[in-house]
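Take a look at the protein below.

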Amino acid sequence: MRRLESYVAGCWHRPAANGRALLDAATGETVAELSPVAADPAAAVAHGRDVGGPALREMTFHQRAARLRDVAKMLLAEETKERLYDLSYCTGATRSDSWIDIDGGAGVLMSYAGRARRELPNSNVVVDGATEPLSRDDSFSAVHVLTSRAGVEVQINAFNFPVWGMLEKFAPAFLAGVPSIVKPAAETAYLAEAAVRLMIESELLPEGALQLVCASPAELSTLLDSLSGADSIAFTGSASVGAALRSHRAVAEAAVRLNVEADSLNAAVLAPDAGPDSAEFGVFVAETVREMTVKAGQKCTAIRRALVPRQHLDAAAQALVAALGDVAVGDPRDPDSDMGPLVSLAQRSEVQASVAALLQGAEPLFEGSVRSGDDGVGAFLAPTLLRATDPWAETVHTVEAFGPVATLVPYAGITEATELVAAGGGSLVASLYGADRDDMAALALGIASHHGRVLMADASAAAASTGHGSPLPMLVHGGPGRSGGGQEMGGMRGVFGHMQRSAVQGSPDMLTAVTGEHIAGSRANRHKGHPFKLTFDELEVGDSITTESRTVTKADIDAFAESTGDKFYAHTDEAAAARSPIFGGIVAHGYLVLSFAAGLFVWPDEGPVLANYGIDRLRFAKPTYPGDVIHVVLTCKRKTQLDGRGYGEVAWDTRVINQNGEVNAAYDVLTMVANTPGRNGAPT
Ligand code: NAP
């Protein structure tokens with residue numbers, strides 16, 4: 001008998017006592033046993049705070065990202081993955097369901113690793129937004145910074161995606177420097193435990209960054225009691241447990257942050273123009289059937305309400321029934337099965353009770369059959385399509401049947417469709433199917449505030465569409481109202497949600513010391529010669545050069561217009577330029593000013609600066625007129641070491657200044673600068 005263990009405070013704890021048998025969803029055989037946790041669950045909190053947090057906060061964002069990428073590779077390695085797939089079948093998942101959970105989960109880690117390296121600095125402080133000058137002479141300013149919270153996050157997961165559901169919470173917390181304590185749902189805890197075991201055994205994660213408590217809700221409650229204001233709880237599951245957590249002492253009294261991802265009556269809406277002959281009609285039917293049957297409908301994002309214009313109701317019903325008739329329900333290990341059983345007999349009873357409740361406002365349209373593998377012990381349930389007898393029947397918009405069940409709901413116009421969708425009380429996602437841009441835009445804007453995500457599906461996007469039911473790591477996942485009011489992922493938004501935003505006020509020098517970025521008004525070093533001659537390692541934030549001056553002449557402007565072909569009237573037509581309310585006369589091209597600036601600050605010889613890869617935040621603050629005399633102040637603003645590549649990124653604060661001391665143009669020049677030979681992988 002495999003007795004599930006918890007990983008707390010640096011070791012695995014095997015329970016001594018017998019516990020609850022967790023059964024294979026299809027065969028009814030015992031897969032594992034869930035017993036009372038053999039460690040003090042609250043010890044996980046202390047260990048996370050004292051060991052995991054400090055270890056994580058010593059690492060930079062890029063170092064954490066590299067670990068995430070390595071963990072993803074480890075999970076995706078053929079042998080590792082197959083061990084997880086074998087267990088995943090026991091949950092009732094087919095191979096393609098498991099792909100979403102296992103490969104999808106590793107994909108979230110990969111995506112976060114890549115984005116973090118591109119979008120976050122190689123430090124552990126994020127500067128949020130622009131510097132706020134608080135004095136006329138730049139002697140007192142403020143910046144907003146994000147720093148890691150010195151707490152832990154308890155992640156309470158639902159049963160349906162034991163790997164993906166865990167990793168989509170773990171990745172942003174890990175990147176933010178916050179240790180995770182994972183509480184898997186009982187039904188599928190054996191798969192989550194196996195994935196955590198692989199992650200721990202890989203030794204890729206700093207000790208304390210990831211702990212696992214295979215705890216009952218009562219044991220979990222003790223753990224939650226030991227949380228305090230720096231900690232957070234991320235919950236995914238039913239609205240009722242979400243509500244119970246909102247009133248838990250930790251949340252209500254100790255100000256522990258709580259994110260709730262709860263249930264949701266997601267809608268798909270066929271737009272009025274999408275008749276049975278349209279491509280969008282076909283996409284709507286395929287997507288609704290897919291959402292009903294992937295993971296046997298046990299997906300928080302699955303389509304529960306399919307809204308169709310009254311005039312297309314019969315056609316939609318016919319097409320859906322025909323497509324559902326082709327779905328092979330059976331043994332998840334059989335490659336010919338499209339859909340496996342529900343996770344457990346208890347879950348099937350819950351879904352059957354929900355269907356009975358839905359039938360108060362709906363009638364059955366289709367109930368499929370199970371083709372293979374059902375010898376009476378599996379939790380099989382065939383897809384069930386209902387039709388609302390009254391589109392406004394309360395149960396249709398309030399009862400979630402967390403299985404392969406959807407209800408067709410007729411509507412009479414865009415306004416009614418919007419109101420019916422909103423009657424779900426707030427959902428994770430809705431999808432719209434149609435080609436008429438005005439109708440689709442009216443629907444999207446009408447329902448957006450009730451949703452975390454809206455998918456617009458017209459034929460032109462059909463081939464590339466990622467589909468109604470796929471939350472993506474770069475997009476926010478979570479919706480308002482009934483769906484919990486929470487928010488997860490969304491690229492770096494998900495990371496920043498784990499960090500504390502603080503406004504730090506002080507002199508620019510102090511703010512530079514805090515952020516590691518040159519803040520306007522802070523000290524500049526001008527004694528080291530041209531900063532382009534310095535290697536990445538020699539260069540310091542604040543190293544600066546003030547260039548020679550040059551005069552911009554009318555002949556320069558004419559020649560630039562001629563050579564580039566940019567003959568916009570403000571550069572070429574005296575009379576028209578004079579009439580311009582902005583310029584009042586001929587002005588230099590902005591790109592000419594940038595080019596002259598480069599001519600002033602670039603060091604021409606071969607040296608550490610390898611390439612200029614772009615410009616950020618460019619503003620032409622003042623026009624440059626013929627006769628203006630410009631010079632450039634170039635200052636090293638930010639350094640980002642790219643680990644092991646032999647070079648790093650350097651952003652240069654660049655200001656083009658005229659003879660009156662006014663800034664004509666301001667921007668950040670982005671360059672790659674080589675390390676000192678032999679350092680960080682640079683050739684010797
Ligand atoms: P659930 O019964 O609410 O359980 C979710 C998690 O909460 C499990 O780990 C469960 O542990 C734990 N739990 C139960 N009672 C608790 C308590 N009093 N205090 C703290 N934790 C407690 O949900 P489920 O049956 O696993 O999942 C299905 C539901 O989740 C559906 O309603 C679905 O819509 C929703 N869901 C939402 C999302 C989303 O992203 N919004 C994603 C997936 C699923 P035990 O398993 O040990 O009881």
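An open sheet is built from 7 strands in the order β14-β15-β16-β13-β12-β17-β18, with mixed pairing. Its edge strands are β14 (362-367) and β18 (451-457), and each of them pairs on one side only. On average, neighbouring strands of this sheet are turned by 20° against each other, direction ignored. This is a predicted model: local features need pLDDT of at least 70, side-chain atom pairs count only at pLDDT 80 or more, and totals for chains, interfaces and linings use all residues. Residues are numbered from 1 along each chain as its sequence is written, and side-chain values use heavy atoms, with hydrogens and water left out.

**Terms for strands and angles**
- Helices (H or I, at least four residues) and strands (E, at least two) are DSSP runs, numbered from the N terminus.
- Two strands pair if DSSP finds at least two bridges between them.
- Axes are lines fitted to C-alpha atoms, for helices over the stretch in contact, and angles run from 0 to 180 degrees between N-to-C directions.

**More on the open sheet**
- β14 pairs with strand β15 (residues 384-388) in the antiparallel sense, over 5 bridges.
- Opposite F366 stands L385 in β15.
- Helix α10 (residues 279-293) lies across β12 (267-270), β13 (305-309), β15, β16 (405-411), β17 (427-433) and β18. The helix α10 runs at about 165° to β12.
- In a regular strand, side chains alternate between the two faces of the sheet.

- Strand β22 (residues 544-546) pairs with β25 in the antiparallel sense over 3 bridges. S544 has T635 in β25 as its bridge partner.
- Strand β23 (residues 550-551) also runs antiparallel to β25, joined by 2 bridges. R550 stands opposite I630 in β25.
- β25 and strand β26 (residues 647-657) run antiparallel, with 10 bridges between them. T640 faces E649 in β26 as the residue opposite.
- The hairpin of β25 and β26 has 5 residues between the strands. There, G644 takes a positive phi near 80°.

**A loop residue: E207**
- Where does E207 lie? E207 lies in the loop between α6 (189-201) and β9 (210-212).
- E207 is partly exposed, with a relative accessible area of 31%.
- E207 and H47 are 160 residues apart in sequence, but 9.1 Å apart in space, C-alpha to C-alpha.
- Neighbours within four places in sequence aside, the contacts of E207 (heavy atoms within 4.5 Å) include Y7, A9, H47 and V51.

**The whole protein**
- The secondary structure comes to 22 helices and 27 strands.
- The C-alpha trace spans about 90 × 65 × 50 Å along its principal axes.
- Of the 684 residues, 55% count as buried.
- Among contacts with a separation of 6 or more, 73% come from residues 24 or more positions apart.
- The protein exposes about 27,100 Å², and carbon and sulfur atoms supply 52% of it. Accessible areas come from the Shrake-Rupley method with a 1.4 Å probe; for residues, only the protein chains shown count as cover.

Notes: Buried < 20%, exposed > 50% of the residue type's maximum accessible area, 1.4 Å probe, protein only.
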